[in-house]
Amino acid sequence: MSSHPTPHRREFLQTTGLSLLSLPVLSQWSTGTTMAAEAAKSVTAEAALPPLNRFPRMMQEWLVDQVRETETRGNARREALKTKADAEAYVKSVQERIRQSFGPMPEETPLNAKITSTVERDAYRIENIVFESRPGYLVTGNLYLPKGRSGKMPATVGVCGHSVNGKAAEAYQSFAQGLARQGHICFIIDPVGQGERFQYLKEGSLKSRLGGGVSEHIQMGNNQTLVGEFLGSWFAWDGIRALDYLLTRDEVDPAHLGVTGNSGGGTQTTWLCGLEPRFTMGAPSCFITTFRRNVENELPADTEQCPPQALALDLDHSDFLAAMAPKPVIIMAQEKDFFDARGSAEAYERLKRLYTLLGKPENIQLHIGPDPHGYSQSNREAMYRFFNKVTGASDAQTEPALTIEKDEVLHCAPKGQVVELQSRTLMSFTQEKAETLAKARKSLKGEALKAAVKDVLRLPELPATAPDYGILRSAGTRKYPAKAYCVYTVETEPGVQALVTRIQEESLTSRMPGSAMKAVLYVSHRSADAELRDEALVQTLIQENPEAAFYTCDVRGIGESQPNTCGSNQFLRPYGSQYFYAAHGLMLNRPLLGQRVFDVLRVIQALRAAGHEEVHLAGRGWGALPAAFAALLTVDVKQVTLKNALSSYHEVATNPEYQWPYAVMLPNVLAHFDLPDCYAALAGKKLQNLEPWGAEDGMME
């Protein structure tokens, strides 16, 4: 987790900076004295007109409601536990649901572990080790081995937070060394995208061109969704294979196997507690809270921190620890952390009740340190005391004196990057799986394709009746290519409005007039308000359909409902608000793109109820995808025009430099169909697919 997200390698304009067409292009749409006067105004005056954004809290309020509902269901499950048998059944249930969320793990393959160098210190030895968690995919780690101890020793897998230098960061060296000085073996590994495992190297350099950490995780993790992978499962598998390595060492006591980490390492610790039954004790730091607290506090999390369907499966952070109950676990939080300590206490109380039913209330503890986010000495000492009490390795109550090593001392690769050792990149596995799926995928057509699209989009059934809508008062002159306009708030589902604007020559502030048989509905890329002024496709559609009623649509989270959450000016950032709602959509098992397709289908229902008998559906950029899917799924659309539509999901999955947002990603879509299948199916609806965008174009204006 990072409070300072790194931007993409490109700098993107914010929504309020949309460029406008030149005056000559605008003036060709002047159909009367009013439009001529508008065209004569200065470019400076036009540029000062920001896009409308009257519903910036809509997405947040809807998401909070959804997550509160999942928490209520989860709490009802937990509160129904009355007996030890109930508690045991609950533990089994969360284990099964976690496996469903994370998907099947790969088969174990040879570790091919190598000790590349050794560092001798007074009380311990450090072995710098490289192993393969998957064939050709290298993991780097430091094994801290206590000296002067006889017999087998307790051992801990250490996992790192979002330090750029991974396992060499001072806090992470500290807990590994502190454990070793108290008689524990510790094997601390670099996460992918950090330390010696950068995946996006600068040309001619061994540094990350994305900055490492959060930015690499999001870039490599988001498009994994398309092939049915979850980055958190890859993190967890590295930790499981690190445990496999520990169990090859004669010095390790298999009866005492711990896992600990902070922040992103707290995440990994939590997932490993839920997934790996061989661990006998756990100590996550600065992660455990509740999903509700994170959502209410508008706290984004990396791709690997947002498990698919977790919310739909009524899982919460505490459930991943419940999966190993009643084994010893200590939750560590910080009073001044952005991970809400109130949620940490709530998680603890849930687990305390479960552990009590299981007869081991002493095995669950909570420590809240006084510090800001981080594996501070207070939290490290709480972990030492807890692990020492469980294992009897030491009676120490405080941290011993430490010696922090330079990064180079802890390098496992010659110059500190596994690329030198010809490690495969994570992205190469995504590419490989996409190619495999493409070869195996059957060509779907007709009803089979529609069924697959509905399933992948996770579309709920459309209500039989058309949605209700509100009618907004005028926002004043907007320089649209018509004398008048009216904006409708179409309630596509409770708490969600699609903003629909009708432009026409006569004044209108009333219900949708349906006198025109045909309606053109344009689904915006970034802002219907701005695109009514400056998008050439809008102007072309108006010219070519003079007899039709003309509407534009902002689906949820676009234009009028673009969120102002997750920090200012964060909409387009890789860690920003659109990402935040996309990640939670996947956890709710309702992909954001599917939600937006649902909005378009409901708007079409409203147009039909108003009296329009057929719809010409159009969309540009991000809006082209919900338009294409909606057109495929409803008979009411007779004609389709797309501009800057994504050419294929396969391109995004196989190009590490892709620039499409998480909001367009669909879970495991490439196992079922690709976008060209949908475009081919729309040929019968007079599809025009203009200027398609490739994998690297999706963040363009």
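Is Ser423 buried or exposed, and what is its relative accessible area?

1. Overall form. The model is predicted. The protein has 22 helices and 17 strands. Its C-alpha atoms fill a box of roughly 95 × 60 × 50 Å along the principal axes. A compact globule with 701 residues would have a radius of gyration near 27 Å, and the 28 Å found for the protein agrees with this. Of the 701 residues, 62% count as buried. Where contacts join residues at least 6 apart in sequence, 76% of them link residues at least 24 apart.

2. Ser423. This residue is found in the loop between helix 13 (377-391) and helix 14 (426-440). Ser423 counts as buried because its relative accessible area is 15%, and buried means under 20%. Leaving aside neighbours within four places in sequence, Ser423 is in contact with Gly136, Tyr137, Leu138 and Val418. With one of these, Leu138, there is a polar approach: a polar atom of the Ser423 side chain lies 3.1 Å from the backbone nitrogen of Leu138.

3. The hairpin. Strand 1 (residues 114-120) and strand 2 (residues 124-134) run antiparallel and are joined by six bridges. The two strands form a hairpin with three residues between them. Within this pairing, Thr118 stands opposite Glu127 in strand 2.

4. An open sheet of eight strands has the order 10-11-12-14-13-15-16-17, and its pairing is mixed. Strand 10 (469-471) and strand 17 (688-690) are the edge strands, each pairing on one side only. On average, neighbouring strands of this sheet are turned by 20° against each other, direction ignored. Helix 20 (residues 624-633) packs on the sheet and touches strand 13, strand 15 (614-620) and strand 16 (637-643). The direction of helix 20 makes about 150° with that of strand 15.

5. Strands 13 and 14. Strand 13 (residues 518-523) pairs with strand 14 in the parallel sense, over five bridges. In this pairing Tyr522 stands opposite Thr552 in strand 14.

6. Tyr551. This residue lies in strand 14 (residues 549-554). Tyr551 counts as buried because its relative accessibility is 0%. Not counting residues up to four places away in sequence, Tyr551 touches several residues, including Met512, Pro513, Tyr522, Leu607 and His612. Arg502 is also among the residues it touches. Tyr551 and Arg502 are 49 residues apart along the chain, yet their C-alpha atoms are separated by 4.4 Å. The side chains of Tyr551 and Arg502 make a polar contact at 3.1 Å.

7. Cysteines. How many disulfides does the model contain? The count comes to zero. Cys186 is in no disulfide, and the nearest cysteine sulfur, that of Cys160, is 9.2 Å away. Cys186 is buried, since its relative accessibility is 0%. A disulfide would need the sulfur atoms to be within 2.5 Å. Cys566 is likewise buried, with a relative accessible area of 12%.

Definitions and conventions:
Residues are numbered from 1 along each chain as its sequence is written. This is a predicted model: local features need pLDDT of at least 70, side-chain atom pairs count only at pLDDT 80 or more; totals for chains, interfaces and linings use all residues. Side-chain values use heavy atoms; hydrogens and water are left out. Two strands pair if DSSP finds at least two bridges between them. Helices (H or I, at least four residues) and strands (E, at least two) are DSSP runs, numbered from the N terminus. Buried means under 20% relative accessible area, exposed over 50%, partly exposed in between (1.4 Å probe, protein chains only). Contact means heavy atoms within 4.5 Å. A polar contact is a pair of N or O atoms within 3.5 Å; within protein, one must be able to donate a hydrogen and the other to accept it, and residues adjacent in sequence count only if both atoms are side-chain atoms. Axes are lines fitted to C-alpha atoms, for helices over the stretch in contact, and angles run from 0 to 180 degrees between N-to-C directions. The radius of gyration is taken over C-alpha atoms; the globule rule is 2.2 Å times the number of residues to the power 0.38.
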